[in-house]
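Please look over the notes below alongside the model. They cover a pocket and a helix pair.

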Amino acid sequence: MEIYLVRHTETVCEKGICYGQSDVDIAAPFEMIFENIVSQLPSEALIFTSPLKRCVTLAKYIQAKTKAISYQEDERLMEMNFGDWELKNWNEIPPEQLNPWMEDFVNIKVQNGESFAVLHERVGDFITALISKKIKSPIIITAHAGVIRSILCHQTSLPLKDAFQNKVDFGQVIKIEL
């Protein structure tokens, strides 16, 4: 199964803001970046996307510029839920909360949020369901860095604690085979 993982482009959030599942817009102008993304994708594919607008905007653009059959939103493709840290500057998060999480982000849940292991489990549910559909056409997934890192860990059996070894830039397209 041919899959193209596409990270959304930069958001309107200033640098250093933890925005996880907050539904923030992408920064304009983005058309030239979107065109570059489309040039790396197959002309016919199925698109699955996070329901957050920074991914939906990109998915709709890809659909309009290609012969993509449709796009489908799936909540399992949402970025990690950072709970009480959402829309806070990373520097404003109290060290007694941040430091333990930084030491074990895989297992420690952010208060009123989730851990990377929880994100990985829901992304794994999505991947399992996708594989069971035995789709023949290429698949495009517009999502977030955390989700893409999780998928890459699934694909390569990379331990979750090493997920950040996978660099995932804004607007990056990564082709994999499952």
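1. By class, 15 nonpolar residues, nine charged residues and six polar residues make up the lining of the largest pocket. The model is a predicted one, and the counts for the lining use all residues.

2. The space in this largest pocket comes to about 720 Å³. Its lining consists of 30 residues. Those closest to the centre of the pocket are Arg7, Ile17, Tyr19, Glu79 and Trp90.

3. Which elements give two or more residues to the lining of the largest pocket? They are strand S2 (17–18), helix H3 (95–103) and helix H5 (145–156). H5 supplies the largest share of the lining, three residues.

4. A separate point concerns the packing of two helices. Helix H1 spans residues 31–39 and helix H2 spans residues 53–65. Their axes come within 10 Å and cross at roughly 60 degrees. Roughly parallel would require an angle under 35 degrees, and roughly perpendicular one of 65 to 115, so H1 is oblique to H2. The crossing of H1 past H2 is right-handed.

5. Which residues make the contact between the two helices? From H1 they are Glu31, Phe34, Glu35, Ile37 and Val38. From H2 they are Thr57, Leu58, Tyr61, Ile62 and Lys65. Sorted by class, the residues of the contact of H1 with H2 comprise six nonpolar, three charged and one polar.

Definitions and conventions:
Residues are numbered from 1 along each chain as its sequence is written. This is a predicted model: local features need pLDDT of at least 70, side-chain atom pairs count only at pLDDT 80 or more; totals for chains, interfaces and linings use all residues. Side-chain values use heavy atoms; hydrogens and water are left out. On a 1 Å grid over the protein atoms alone, a cavity is a set of points where a 1.4 Å probe fits but cannot get out, and a pocket is an open set with protein on both sides within 12 Å along at least five of seven lines; lining residues have an atom within 4 Å of a point. Grid points are joined across faces, edges and corners, and a volume is the space filled by probe spheres set on the points. Helices (H or I, at least four residues) and strands (E, at least two) are DSSP runs, numbered from the N terminus. Ala, Val, Leu, Ile, Met, Phe, Trp, Tyr, Cys and Pro count as nonpolar, Asp, Glu, Lys and Arg as charged, and the others, Gly among them, as polar. Axes are lines fitted to C-alpha atoms, for helices over the stretch in contact, and angles run from 0 to 180 degrees between N-to-C directions. Angles under 35 degrees count as roughly parallel, over 145 as roughly antiparallel, 65 to 115 as roughly perpendicular and the rest as oblique. A crossing is left-handed if the near helix is turned anticlockwise from the far one by less than a right angle, and right-handed if clockwise. Contact means heavy atoms within 4.5 Å.
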